[in-house]
Amino acid sequence: MAHSSDIVLEVDGLSVDIATPGGTLHAVRDISFSVKRGETLCLVGESGCGKSMTSLAIMDLLPKAAKKTARRLAFAGEDLSRAGRSRINALRGNRMSMIFQEPMTALNPAYTIGNQLVEAYRLHKRASEAEARERAVFLLGKVGIANAAERLGQYPHQLSGGLRQRVMIAMALMCGPELLIADEPTTALDVTIQAQILRLLVDLQNELGIAMVLITHDLGIVARIADRVAVMYAGQIVEEGPTASLFNAPRHPYTQGLIACIPVPGRTEPGGRLGVIPGVVPSLVGEVRGCSFRDRCGKATPACLDAPPVRETADGHRWRCILENAA
Amino acid sequence: MIGYILKRLGLAVLVALAVSAIAFFLLRMSGDIAIAIAGEGARQEDIELVRRTYGLDRPLLVQYAEWLWNTLRGDFGTSIYFKTAVAPLVFAKLPTTLLLGVLSLGFALLVSIPLGVLAAVYANSWIDRLALAIAVVGQALPNFFFALLLVMLFSITLRWLPVSGSKTWAHFIMPTIALGYYVAPAFMRLIRAGMIEVLSADYIRTARAKGLPTRTVIFKHALRNAVVPVVALTAVQLGFLLGGSVVIETIFALDGLGYLAYQSITYKDFPVMQVIVLLLSVLYVLLTLAADIANAWLDPRIRVA
């Protein structure tokens with residue numbers, strides 16, 4: 001199969017269950033998606049919908065209380081669920097890497113930027129200190145850090161949030177990964193820095209042909225940089241499709257609600273009320289039955305008490321709803 | 001950094017001065033030095049003669065100033081009981097006590113760091129509970145009692161180790177364990193708590209995401225951050241060690257400063273006590289300074305302050 005060699009990440013039937021004192025929390029419920037070389041998939045949804053748990057499950061970084069199951073979780077054709085600890089360690093930080101959302105705390109305060117940048121490269125590429133530092137200086141320059149060579153000797157507390165996030169990006173790119181998972185890489189930053197960092201990510205991704213999974217709750221970002229979008233709600237992917245198709249013709253009532261919430265200059269009245277989706281996300285503790293969005297959905301019927309079917313159009317636009325088209 | 005050290009050294013001098021003054025006045029209030037010098041059962045006239053001869057009838061402040069002046073010139077006075085100069089007496093005993101302190105601290109760290117790390121990595125498992133049990137016993141057992149248990153087991157029953165004295169290295173084994181086990185629990189609990197907190201930090205997740213092996217994540221990325229409070233505690237614990245060595249040295253008749261302190265208290269040997277207190281306080285202040293410098297090296301964020 002020639003086309004499958006292009007698939008960098010394949011997730012099929014991934015679930016993450018977290019043991020809590022109140023019962024099992026089904027944080028991620030049977031989600032499936034795949035990302036090709038050079039493609040950007042955006043995972044969107046509100047806080048607690050399972051976006052971050054999904055990314056941590058792929059990187060095998062889930063907290064101890066969380067357990068994952070999957071029919072198939074494959075990186076470059078290799079089944080990660082069967083890979084042992086040392087195989088996982090050989091892949092992550094090397095061929096698959098991750099950018100975290102907390103630039104202020106994701107770097108170790110006790111070591112210099114240089115030390116933290118070179119360690120993965122030295123480990124995975126068996127490179128010398130000098131080679132690794134050269135690579136680090138090159139990448140720091142690439143992410144727009146001036147005086148890169150001097151920065152190597154600085155500690156995280158000496159850098160601003162924007163600089164630290166650039167360092168995190170450079171760190172994730174050190175070994176030239178095929179897969180990059182970015183978990184809200186700009187959430188903690190100023191709006192002006194956000195735009196810079198995003199542009200940087202997209203440029204680097206195009207240049208290096210990386211498959212990228214970008215996790216965000218910002219639909220404005222999604223519309224600008226995603227090739228495909230997966231909308232998560234209550235641990236499930238409720239709708240997935242090419243960006244244009246999803247924004248122009250959202251099929252799932254939740255996606256429609258999300259898009260309606262985006263303020264549009266010219267159309268949204270200044271001072272007017274922004275769109276809201278009424279209600280709250282259902283609890284994911286214990287057994288969850290039927291459509292999880294039904295309590296907040298204006299078009300819900302008694303049929304929504306059963307699990308909704310997955311519908312699909314010819315261009316690969318899929319959604320989970322009893323309705324062919326909710327609009 | 002050098003300015004910081006100089007500032008701390010200046011502070012250390014002031015602390016030593018204050019401690020010496022407090023010790024001087026407290027010792028003088030605890031008994032009549034003239035009676036101590038004249039000896040038990042001396043006549044009142046003799047005591048008065050001693051008081052006038054040694055200048056003990058002058059105001060305390062004048063006496064302190066004289067003592068301080070002499071001390072600064074390197075004259076530490078004469079022992080009442082041993083009838084020799086205090087300085088050689090005290091300095092001859094210092095190496096034994098320092099050796100015991102370093103050995104017990106090393107023993108305490110050698111036991112508590114691995115135990116603390118294991119207890120944190122396997123938190124709430126049987127390993128953690130075992131470590132907790134060891135710590136609780138160490139904290140609850142008075143060190144003189146533990147020392148006697150050691151003597152019973154290793155000297156009397158097994159006949160492996162000498163009961164007392166300080167001639168060979170074998171004489172130091174039980175005092176080191178008894179004194180080290182006394183301070184180890186505090187280190188262990190601190191390392192465990194620090195490691196548990198650090199292991200859930202975001203930068204540990206970053207380190208794991210890099211594909212680093214578990215031992216690198218734990219020993220390079222986690223332990224370095226978890227030992228910062230331990231270094232600060234080390235100075236405080238050394239204070240306990242110096243205090244504890246009075247008891248332990250007395251039990252094992254280890255010929256160190258602690259044993260000398262015990263003797264000089266028993267014989268009301270004020271000049272010796274005074275110098276021991278001064279020496280220990282200077283040591284303690286210097287150790288605290290060393291701990292601060294070590295901390296600044298471990299945690300770069302402190303260096304700026």
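The model is predicted, so local features need pLDDT of at least 70 and side-chain atom pairs count only at pLDDT 80 or more, while totals for chains, interfaces and linings use all residues. Residues are numbered from 1 along each chain as its sequence is written, chains are lettered from A in the order in which they are written, and side-chain values use heavy atoms, with hydrogens and water left out.

As for cover, 13 of the 13 residues of α6(A) are buried (under 20% relative accessible area, 1.4 Å probe, protein chains only).

Helix α3(A), residues 113-125, packs on α6(A) at about 20°, with the axes 8 Å apart (lines fitted to C-alpha atoms over the stretch in contact, angles running from 0 to 180 degrees between N-to-C directions). The two are therefore roughly parallel (under 35 degrees). A:I113, A:Q116 and A:L117 of α3(A) meet A:V167, A:A170 and A:M171 of α6(A) (heavy atoms within 4.5 Å).

Most residues other than glycine have a negative phi. A:R126, not a glycine, has a positive phi of about 50°; this residue lies in the loop between α3 and α4 (129-142) of chain A and, at 75% relative accessibility, counts as exposed (over 50%). B:A253 also has a positive phi of about 50° without being a glycine, and is found in the loop between α11 (228-251) and α12 (257-266) of chain B.

Technical notes
Helix = DSSP H or I, 4+ residues; strand = E, 2+ residues; numbered from the N terminus. Parallel < 35°, antiparallel > 145°, perpendicular 65-115°, else oblique.
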